[in-house]
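Hello,

Here is the structure I promised to pass on to you. Have a look at it first, and then read my notes below.

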Amino acid sequence: TLTACGSGSGSGSGSGTITLGFSQVGAESGWRTANTKSIQEAAKAAGIDLKFSDAQQKQENQIAAIRSFIKQRVDVIAFSPVVVTGWDAVLKEAKAAGIPVVLTDRAVDSDPSLYVTFLGSDFVEEGRKAGQWLVDQYKDTREPVNIVQLEGTVGAAPAIDRKKGFEEVIKANPNMKVIASQSGDFTRAKGKEVMQALLKAHKDIDVLYAHNDDMGLGAIQAIEEAGLKPGQDIKIITVDAVRDGMQALADGRINFIVECNPLLGDQLMDIVKKVHAGEKVDRRIVTVETVFDQAKAREVLPTRKY
Ligand code: AHR
């Protein structure tokens with residue numbers, strides 16, 4: 001645990017209200033939309049003055065937003081870093097200004113003394129869960145299993161870690177081979193485009209592992225347009241479990257989804273209040289998550305919030 005450096009020093013609104021500057025990655029996926037909504041609603045409910053900035057998946061925009069928050073002397077800065085590297089300078093500036101920084105959703109490779117805590121999923125574990133499902137599915141097969149992987153944004157923690165966890169688990173099975181792996185930038189449009197190219201280049205794809213539902217859903221369009229049946233001719237594993245993904249899972253077009261929970265808003269606001277009050281918070285807060293097969297998706301879909 002660690003206490004905030006320089007809590008309560010920001011100008012806020014001057015009325016005792018906590019001001020939070022939040023720099024969001026963008027609006028690239030259904031997950032991100034749900035995450036933004038959760039943060040905005042939770043801030044409102046907690047009476048926190050939220051200054052929200054959308055970086056459109058560009059690191060330079062996030063750095064500019066954080067610098068602007070420092071200039072405005074907000075009480076706390078939180079952000080979901082688009083990529084892992086390149087944050088040292090701006091995080092040092094926040095520290096020098098006495099403004100505590102909270103990481104949400106994605107990690108950075110900076111010195112941990114530059115931020116108070118990191119709230120978010122264990123992406124390596126998510127990748128392992130995806131790999132484990134595949135290994136279990138094909139446990140009686142000695143035949144080659146050809147896998148294509150749609151990676152998330154290049155250099156982003158979830159792309160690096162989901163690949164790592166997945167490959168770690170399948171590597172004990174010599175018949176399982178990732179025959180192609182390319183970034184689809186976590187978007188539906190890119191997922192479709194990349195899958196179209198992969199289908200042209202490889203006639204023998206057995207499995208698609210997409211690092212999020214949106215890329216998987218884009219790829220499904222490409223698979224259907226190629227005259228193949230997603231979920232049958234090509235088995236599909238994705239990550240997130242947002243509504244559209246869960247619907248495709250329930251319909252049999254996806255085979256397995258590893259959950260990544262976007263509803264971080266309430267937890268974030270609790271952290272912000274504690275940090276502002278100078279209370280201790282855990283250095284790492286890991287989100288609790290599950291997995292879904294087709295039967296479970298059909299069961300939970302009617303009450304799914306996002
Ligand atoms: O960082 C979380 C990831 O970012 C989600 O899995 C993906 O959908 C989003 O774009």
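This is a predicted model: local features need pLDDT of at least 70, side-chain atom pairs count only at pLDDT 80 or more; totals for chains, interfaces and linings use all residues.

Which side chain meets that of Lys37 in a salt bridge? The partner is Glu41, at 3.6 Å from N to O; a salt bridge here is a side-chain nitrogen of Lys or Arg within 4 Å of a carboxyl oxygen of Asp or Glu. Because Lys37 and Glu41 are four residues apart in helix 1, about one helical turn separates them. Helices are DSSP runs of H or I with at least four residues, numbered from the N terminus. A search of the whole structure gives 15 salt bridges.

Residues are numbered from 1 along each chain as its sequence is written, and side-chain values use heavy atoms, with hydrogens and water left out.

Now the ligand. The residues around it (a heavy atom within 4 Å) include Glu28, Trp31, Asp105 and Phe123. The shell divides into four nonpolar, two polar and six charged residues. Helix 1 (30-46) and helix 5 (157-170) each supply at least two residues of this shell.

Polar contacts (N or O atoms within 3.5 Å) also reach the ligand: an oxygen atom of the ligand is 3.0 Å from a side-chain N or O atom of Arg32, and a polar side-chain atom of Arg162 lies 2.9 Å from a ligand oxygen.

Best wishes

Methods: A polar contact is a pair of N or O atoms within 3.5 Å; within protein, one must be able to donate a hydrogen and the other to accept it, and residues adjacent in sequence count only if both atoms are side-chain atoms. Ala, Val, Leu, Ile, Met, Phe, Trp, Tyr, Cys and Pro count as nonpolar, Asp, Glu, Lys and Arg as charged, and the others, Gly among them, as polar.
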